Amino acid sequence: MPPRKRKTAAAARAEAAAAEIEKTQAEEEVVAEQDTNPATVASETEMPDAEPLQPADAESSIPSEPAAPPKPVSDAATATQTDSGAASSSSSSSAPAAPKSTSADRMARFRALQARAKTSSDQNLAEATKETQRLAADPSALTALNRRRDIAAHKLLKADTEDRGDDFERKRAWDWTVEESERWDKRLKKKAARRDDNAFQDYRAESSKVYKRQVRENMAGAENMQRYEKDKMAAIERAAASGGLDIVETEDGELIAVDKDGSFYSTADSTSFVENRPDRTAVDRLVADMKKAEEARLRKRRERMAQNGDDGDVTYINEKNKQFNQKLDRFYNKYTAEIRDSFERGTMI
């Protein structure tokens, strides 16, 4: 015989609830049948008339004493008994209404709980499926696919525009404003200039490029630019109030700041920067930039040492001995790799 399957606690509770509901429904059906059966109602109404006859019947079964005649029942007593029977039948018919409504409410709550459990399980399954698909997908592959799709769409639009005899660049410009187009052209021009200026010229130019790059990275963000513009305007207002700076308006309406005594703009001999007190965020950003530069310097140093063969242990006493050891390594390293590993592990006998 195949082994019997074990029921879980949830399945047992569900079966018990279903059995209780079926039992309640059966009791309600029996009560409803009793209320609607006329024979049962008639027997219930005639029961009070038959009760006074039971002592007479019991006495008639004794042979020694004659049976007493039944007492006559008056019309008022009969009406009272009929009214009491009708009241009892009406009370018996209205009694099962409360259990019926209670069982119906219980059944409705049970159905609602089942629907809620099914909905939650479906939602959990859908979210788990999405999470599995998200983890299975490679973000870099998706980025590459999106880039290739954009390039293909650009080429297709350009080919269609040229086939119709229209200017593709002019049609593309319709999607942008003049200010946005000018900013984009300026950005491309700066990018091309930085790319062309990548070659080493002298240390002064190299230091200038590094300084501009650090300023550009540290000033990235709208909050930093707003703080910079605010400090700049405050400095201009202080200089204009002290008389060291004149604000001149040109014919075009442009405002130009003229430095009278040469104390506003910084020079090589200026020491006003020592009065600046940056906030904690700016200091942390500068420290992070210095750590990043130090890590880049150490990484390049390790790469240079690896190219010269100095990345391992020092096994030489001078440059000539170093070159001889390198020659030995080139010829015999592949034969002595296992022995050297055993020495490192300490398992060489």
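Two strands are taken to pair if DSSP finds at least two bridges between them. Helices (H or I, at least four residues) and strands (E, at least two) are DSSP runs, numbered from the N terminus. The structure described here is a predicted model, in which local features need pLDDT of at least 70 and side-chain atom pairs count only at pLDDT 80 or more, while totals for chains, interfaces and linings use all residues. Residues are numbered from 1 along each chain as its sequence is written, and side-chain values use heavy atoms, with hydrogens and water left out.

The protein contains 12 helices and 2 strands. Read from the N terminus, the order of elements is α-α-α-α-α-α-α-α-α-α-β-β-α-α. Strand β1 (residues 245-249) and strand β2 (residues 255-259) run antiparallel and are joined by 5 bridges. One of the residues in these bridges is E249, whose partner in β2 is L255. The hairpin of β1 and β2 has 5 residues between the strands, and in this hairpin G253 takes a positive phi near 90°.

Accessibility was considered next. A residue is called buried at under 20% relative accessible area, exposed at over 50%, and partly exposed in between (1.4 Å probe, protein chains only). Of the 349 residues in the protein, 6% are buried. Residue A17 lies in helix α1 (residues 9-36). A17 counts as partly exposed because its relative accessibility is 22%. The C-alpha atoms of A17 and F110 are 8.6 Å apart in space, although the two residues are 93 apart in sequence.

Side chains of opposite charge can pair when their charged atoms come close. A salt bridge is defined as a side-chain nitrogen of Lys or Arg within 4 Å of a carboxyl oxygen of Asp or Glu. The structure holds 8 salt bridges. One of them joins R134 to E131, with the closest N and O atoms 2.2 Å apart. Both R134 and E131 belong to helix α5 (residues 97-136), where they are 3 residues apart, about one turn of the helix. E131 is partly exposed, since its relative accessibility is 35%.

Another salt bridge links R280 and D284, whose closest N and O atoms are 3.7 Å apart. These residues, R280 and D284, both lie in helix α11 (residues 280-308), with a separation of 4 residues, about one turn of the helix. R280 is exposed, with a relative accessible area of 63%, whereas D284 is partly exposed at 40%. A further salt bridge is formed by D150 and R149, with 3.7 Å between the closest N and O atoms. Here D150 is partly exposed at 46% relative accessibility, while R149 is exposed at 54%.

Surface patches were also examined. Patches are made of residues with over 30% relative accessible area and no salt bridge, with like charges joined within 9 Å and nonpolar side chains (Val, Leu, Ile, Met, Phe, Trp, Tyr) within 5 Å. Accessible areas come from the Shrake-Rupley method with a 1.4 Å probe, and for residues only the protein chains shown count as cover. Lys and Arg count as positive and Asp and Glu as negative, while His and the chain ends are not counted. The place of a charge is taken as NZ of Lys, CZ of Arg, CG of Asp or CD of Glu.

D167 is located in the loop between α6 and α7 (168-173). With a relative accessible area of 47%, D167 is partly exposed.

A patch of positive charge gathers K186, R187, K190, K191, R194, R195 and R216 on the surface. The most is given by helix α8 (residues 178-196), which contributes 6 residues to the positive patch. R216 is found in helix α9 (residues 203-218). R216 counts as partly exposed, its relative accessibility being 43%.

A nonpolar patch on the surface is formed by F324, L328, F331, Y332 and Y335, which together have about 590 Å² of accessible area. Among these residues, L328 lies in helix α12 (residues 319-345). L328 is partly exposed because its relative accessible area is 35%.
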